[in-house]
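Try each task before reading its solution.

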Amino acid sequence: MKYLLKNGTVVSGNSAEKKDILIEGEKIAGVGVDLSAADAQVLDMTGKLLFPGFIDAHTHFDLEVANTVTADDFETGTRAAILGGTTMVVDYASQDKGGGTLKEGLARWHKKADGKCSCDYSFHMSIVEWNEETEKEIRDMIDEGITSFKLYMTYPAMMVDDGDLYRIIKALNDFGCFAGVHCENSGVIDALIADAKADGRFGPENHPLVRPDDMEAEAVHRLLVIAAQADAPVMVVHLTNKKACQEIQRARANGQTVYAETCPQYLLLEDSVYSRPDFEGAKFVCAPPIRKKEDQDCLWEALANGEIQTVATDQCSFTLAQKALGKDDFTKIPGGLPGVETRGTLLYTYGVREGRITLEQMCRLLSENAAKLYGLYPRKGAILPGSDADIAVIDPEKESVISAKTHAYHTDNNPFEGFAIRGCIDQVFLRGNLAVDGGKLVKEKLGKYIYRGKKQM
Ligand code: DUC
Ligand code: ZN
């Protein structure tokens with residue numbers, strides 16, 4: 001199939017210009033002014049914004065959390081993703097503690113995802129145990145197209161100690177790979193939870209109190225000191241607050257390579273959500289927790305000045321019935337929020353429209369930088385001849401309001417309920433296939449597993 005997209009504003013990381021795009025089969029065949037192709041279907045894109053398909057490099061579909069499984073699996077989750085302009089997700093596969101291998105973890109995640117995805121997909125590999133065998137498996141993972149890894153400094157079933165953090169970060173760098181790290185201080189969180197329970201405090205309003213910004217910043221600091229010792233780059237995932245940002249600034253000032261990711265919930269929601277009546281605060285329980293206005297301001301500034309490289313979602317959805325597992329004890333509330341469907345339109349509405357970031361920065365944050373970090377550029381993350389024809393089309397004139405009544409997730413609540421959206425996803429091309437048209441999913445399950453190379457930034 002050939003498409004000629006005429007007169008849209010084509011956005012890249014450094015320009016937003018009126019151009020035509022010619023799509024042939026799965027690829028972009030040409031980008032320029034006044035293109036023509038006799039046999040192509042012509043689509044008028046006047047007034048529309050055309051971005052390289054968004055990449056969400058932080059999702060959790062079909063994941064067991066707190067004795068339940070996320071409401072969205074790869075089928076429903078990637079449907080929501082592509083409706084939101086996301087043409088590729090990088091989910092987290094995981095090794096099992098107690099002798100599990102990386103290969104077993106990868107096979108398990110392929111089983112969850114293969115044949116079910118409506119957008120392209122890959123995995124990061126979570127390393128939860130480190131030994132000689134695991135180290136040997138890094139090479140196997142690279143052969144399988146996995147070049148990024150995840151490490152946890154909290155969650156007993158996942159976390160590695162500081163010594164292994166050092167060893168793993170160093171070994172990954174020797175292979176030209178790196179890890180994204182969940183930074184929170186596990187021991188202090190446990191102690192604060194014990195204090196809350198001893199005081200008889202069991203409601204969701206306690207969630208942010210037991211996972212304070214200082215303890216995230218402390219973990220970021222420790223990670224970065226360890227990374228300096230290993231002389232290796234590292235990424236801080238789901239960065240939430242000002243003090244943690246300052247730790248990253250400090251490390252960079254010392255010459256370290258540090259990448260950072262944040263998520264829309266940390267840019268747009270405040271910690272007062274945890275005190276909403278009738279257990280509504282449970283909807284927002286995620287780790288790290290949602291912070292304060294001054295933290296939001298700091299994160300927006302860091303997006304605008306390039307200190308944060310990507311906005312992902314940490315998509316991890318649960319129904320209200322699942323959240324109610326923690327009705328009598330907030331520590332039993334499964335942690336996570338949905339987000340893949342609204343990341344692009346929220347960033348456009350509250351970032352670009354409100355003058356906090358430019359269209360070009362939005363492109364870098366949602367697509368280009370993730371493609372470069374995760375070894376996909378310029379196949380993904382770019383609208384260039386030879387790139388996959390993954391294109392997210394925004395109609396800036398269309399408006400909507402986010403609601404659980406109309407969203408595509410397999411869940412009955414949305415953390416951004418009631419948020420006005422100005423600029424909706426109109427069309428989405430996935431490798432040359434028109435998968436979303438007029439905001440509706442018209443082609444499902446076209447997603448392919450994508451083998452990734454090494455980082456390019
Ligand atoms: N945080 C969550 O809230 N859910 C899943 C994983 C994570 O890090
Ligand atoms: Zn996560």
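## Exercises on rings and backbone

**Exercise 1.** Which lysines have their charged end over an aromatic ring, and how far is each from the ring centre?

*Solution.* Start with K112: its charged end sits over the ring of W109, 4.2 Å from the centre. Then turn to K372, which lies over the face of Y377 at 4.8 Å from the ring centre. Keep in mind that this is a predicted model.

**Exercise 2.** Classify the ring pair F416 and F419.

*Solution.* A pair of aromatic rings is described by the distance of the centres and the angle of the planes. Rings pair if their centres lie within 6.5 Å, and planes over 60 degrees apart count as edge-to-face. By this rule there are 13 aromatic pairs. For F416 and F419 the centres are 5.5 Å apart and the planes stand at 85°, so the pair is edge-to-face. Both F416 and F419 are buried.

**Exercise 3.** Is F279, with its positive phi, buried or exposed?

*Solution.* Most residues other than glycine have a negative phi. F279, not a glycine, has a phi of about 65° and lies in the loop between α9 and α10. Buried means under 20% relative accessible area; F279 has 16%, so F279 is buried.

Technical notes: Residues numbered from 1 in each chain as written. Chains lettered and ligands numbered in written order. Predicted model: local features only at pLDDT ≥ 70, side-chain atom pairs only at ≥ 80, totals over all residues. Heavy atoms only, no water. Phe/Tyr/Trp six-rings, centres within 6.5 Å; stacked < 30°, edge-to-face > 60°. Buried < 20%, exposed > 50% of the residue type's maximum accessible area, 1.4 Å probe, protein only. Lys NZ or Arg CZ within 6 Å of the ring centre and 35° of its normal. Helix = DSSP H or I, 4+ residues; strand = E, 2+ residues; numbered from the N terminus.
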